[in-house]
Amino acid sequence: MATTPKHWFITGVSTGFGAALAELLLAKGDKVAATFRQPEQAEEFTRKAGENGRGFVVEVTDEAQVKQGVADAIAHFGHLDVIVNNAGYGSLGSIEEIEAAEVQRQFDVNVFGPLHVLRAVLPHLRARRSGHVLNITSIGGLKTFPGVGVYNASKFALEAIGESLAQQVAPLGIKVTNIEPSGFRTDWAGRSANIVTTGIEDYQATVGENLKGIQGYSGRQPGDPQRAAQIMYDLVREENPPLHLPLGKAAVKGARDKFAALVKELESVASLGDSADFPQ
């Protein structure tokens, strides 16, 4: 496994996976361009990181800021090797009760933000004929849950972007991995979430109960962000990294269950589906 220091561009480094990953990378000797929404956060990161790290003020929903942040990171570090689309949050509640403006915000951050980053950085990676994109999606990008539909939709979209991108850039020497965590001890279910408590009785047994479980689980999830960070550090040094990487036992089980159920359902309707074509 190659140990040459790599240059990373990571969005959303104030908490969670971003913070854990940046801390590990700096300790390992890699170089880190880290994005924050607040200037004081970026300045504090730069002060603590020393010559191997620099904080940049980037709101991922602002494409101009993203382009400038990527350009400044390249100018400062010379080049970028690994791009981590980490910034995101969870919008939780019933499909019926989450308002349109909040749905738009969820997609602005979780989908259009990563697209801004990719458009800004891909010319650089293509010119170098190398690089690795890590999209932090979720097991919720493969499997749905009641009360998580809008968040699921945003992560399903990011999964599709990553899968298609991998096919487009593989001939250019660029790799893509969708990282799909289950429950980790981050702020995802806490202050980083936007939760709409259901007021509709019909949804109490589904949405209501699942949201109670998610909130009650916050801070007690089995996933360790530091272990996840080490896995990502090792992953980008592999010659043939996977396109998909569920992280956490619940993610691995969830992915297995989802695809086993999908294959079973497909086989039950395959003949009906086949019959829709013109006769040969």
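1. Of the 280 residues in the protein chain, 44% count as buried. The model under review is a predicted one. Its protein chain contains eight helices and nine strands. The radius of gyration is 20 Å, close to the 19 Å that the globule rule gives for 280 residues, so the chain is as compact as a globular protein of that length. The C-alpha trace spans about 55 × 55 × 35 Å along its principal axes.

2. Contacts and surface may be taken together. Among contacts in the protein chain with a separation of 6 or more, 70% are made by residues 24 or more positions apart. The accessible surface of the chain comes to about 14,200 Å², and carbon and sulfur atoms account for 53% of this area.

3. The largest nonpolar core has 29 residues, and W8, I10, L21, F45, V84, L134 and M232 are those with the most contacts inside it. Two or more residues each come from β1 (7–10), α1 (16–28), β2 (31–36), α2 (39–49), β4 (82–85), β6 (131–136), α7 (225–235) and β9 (244–247). Helix α1 gives the most to this core, with six residues. Another core lies apart from it and has 24 residues, including F77, V111, L118 and I161.

4. G12 deserves attention in the loop between β1 and α1, where it is found. Leaving aside residues up to four places away in sequence, G12 touches G18, T35, N86 and A87. The C-alpha atoms of G12 and F36 are separated by 5.8 Å, although these residues are 24 apart along the chain.

5. Most residues other than glycine have a negative phi. R129, which is not a glycine, has a positive phi of about 55°. This residue is placed in the loop between α4 (100–128) and β6.

6. A search of the whole structure finds ten salt bridges. One of them joins R37 and E59, with the closest N and O atoms 3.7 Å apart. This pair links distant parts of the chain: R37 is in the loop between β2 and α2, and E59, 22 residues apart from it, is in the loop between β3 (53–57) and α3 (63–77). R37 counts as exposed at 57% relative accessibility, whereas E59 is partly exposed at 22%.

7. D257 and K253 form a salt bridge in which the closest N and O atoms are 2.6 Å apart. Both residues lie in helix α8, four residues apart, which is about one turn of the helix. D257 is partly exposed at 35% relative accessibility, and K253 is exposed at 52%. Salt bridges with shared partners also join E44, R47 and K48 into one network. R227 pairs with D224, the closest N and O atoms being 3.6 Å apart. Here R227 is exposed, with a relative accessible area of 62%, while D224 is partly exposed at 27%.

8. The last point concerns the surface. L266, V269 and L272 form a nonpolar patch there, with about 290 Å² of accessible area together. L272 belongs to helix α8 (residues 249–274). Its relative accessibility of 63% is over the 50% limit, so L272 counts as exposed.

Methods:
Residues are numbered from 1 along each chain as its sequence is written. This is a predicted model: local features need pLDDT of at least 70, side-chain atom pairs count only at pLDDT 80 or more; totals for chains, interfaces and linings use all residues. Side-chain values use heavy atoms; hydrogens and water are left out. Patches are made of residues with over 30% relative accessible area and no salt bridge: like charges are joined within 9 Å, nonpolar side chains (Val, Leu, Ile, Met, Phe, Trp, Tyr) within 5 Å. Accessible areas come from the Shrake-Rupley method with a 1.4 Å probe; for residues, only the protein chains shown count as cover. A salt bridge is a side-chain nitrogen of Lys or Arg within 4 Å of a carboxyl oxygen of Asp or Glu. Buried means under 20% relative accessible area, exposed over 50%, partly exposed in between (1.4 Å probe, protein chains only). A nonpolar core is a set of buried Ala, Val, Leu, Ile, Met, Phe, Trp, Tyr and Cys residues joined through side-chain atoms within 4.5 Å. The radius of gyration is taken over C-alpha atoms; the globule rule is 2.2 Å times the number of residues to the power 0.38. Contact means heavy atoms within 4.5 Å.
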